[in-house]
Amino acid sequence: MFRKLRILDERVVERMSQIHRPVLDKLMVMFTYAGTGGFIWWILFILPFLISRPYRRTGIILTAAIGFNYVLGEIIIKKTVGRARPSTLIADEDMKIHKPKDHSFPSGHSASSFCAFSVMFWCCPVWIWLPALALAGTIAFSRMYLRVHYLTDVIGGVLLGLIDGSLMTLFFHSVVFTQG
């Protein structure tokens with residue numbers, strides 16, 4: 001099974017290099033940089049939610065969820081798995097962004113994006129979480145497009161983010177916000 005997943009991962013990396021176009025290159029770089037460190041989530045959602053009385057609790061959950069997701073994904077899982085990125089096999093001049101230096105699994109951009117989406121799915125109306133889903137999906141795709149993550153890295157990040165965001169939302173609504 002792992003052999004088949006590795007073959008699939010390699011095929012996706014190869015296909016991504018075949019669909020590159022100048023306009024897509026610029027867009028995917030923009031979305032990847034926006035997702036770095038959860039930057040876009042802080043600017044578009046977390047900070048506005050924290051200063052908005054009706055969404056303040058959602059902003060608090062988002063902050064805690066993304067922090068928890070970072071520790072679990074970037075510090076614990078990535079360092080434990082230690083998977084090399086596909087970009088290590090690609091010449092520097094063929095890269096659209098600088099090669100990341102850390103490990104590949106799971107995709108932190110995908111994890112933080114889907115963690116944010118998950119919290120918004122549980123806490124916000126559809127007109128908020130639907131654009132968040134589109135943004136999260138585009139950021140996750142950009143990581144494969146730019147060949148800094150394998151498909152399975154992105155899927156792992158998506159699943160980690162969905163689980164972390166859902167668990168933190170459940171925790172805050174059932175424990176934290178019920179006190180006092």
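Which residues are linked in a network of salt bridges?

1. In this predicted model, the network of salt bridges links Glu74, Lys78, Arg85 and Asp102. One of its pairs is that of Asp102 and Arg85, whose side chains meet with an N to O distance of 2.7 Å. Both residues lie in the loop between α4 and α5, so the pair ties together parts that are 17 residues apart in sequence. Asp102 is partly exposed, with a relative accessible area of 34%, whereas Arg85 is buried at 3%.

2. The salt bridge between Arg83 and Asp9 has its closest N and O atoms 2.7 Å apart. This pair links distant parts of the chain, with Arg83 in the loop between α4 (56–81) and α5 (108–123) and Asp9 in helix α1, 74 residues apart. Arg83 counts as partly exposed at 22% relative accessibility, while Asp9 is buried, its relative accessible area being 1%.

3. Within helix α1 (residues 2–18), Arg6 and Glu10 are 4 residues apart, about one turn of the helix, and they form a salt bridge in which the closest N and O atoms are 3.6 Å apart. Arg6 is partly exposed, with a relative accessible area of 43%, and Glu10 is likewise partly exposed, at 41%. The count of salt bridges in the model comes to 8.

4. Leu159 has its place in helix α7 (residues 151–176) and is partly exposed, with a relative accessible area of 48%.

Definitions and conventions. Residues are numbered from 1 along each chain as its sequence is written. This is a predicted model: local features need pLDDT of at least 70, side-chain atom pairs count only at pLDDT 80 or more; totals for chains, interfaces and linings use all residues. Side-chain values use heavy atoms; hydrogens and water are left out. Helices (H or I, at least four residues) and strands (E, at least two) are DSSP runs, numbered from the N terminus. Buried means under 20% relative accessible area, exposed over 50%, partly exposed in between (1.4 Å probe, protein chains only). A salt bridge is a side-chain nitrogen of Lys or Arg within 4 Å of a carboxyl oxygen of Asp or Glu.
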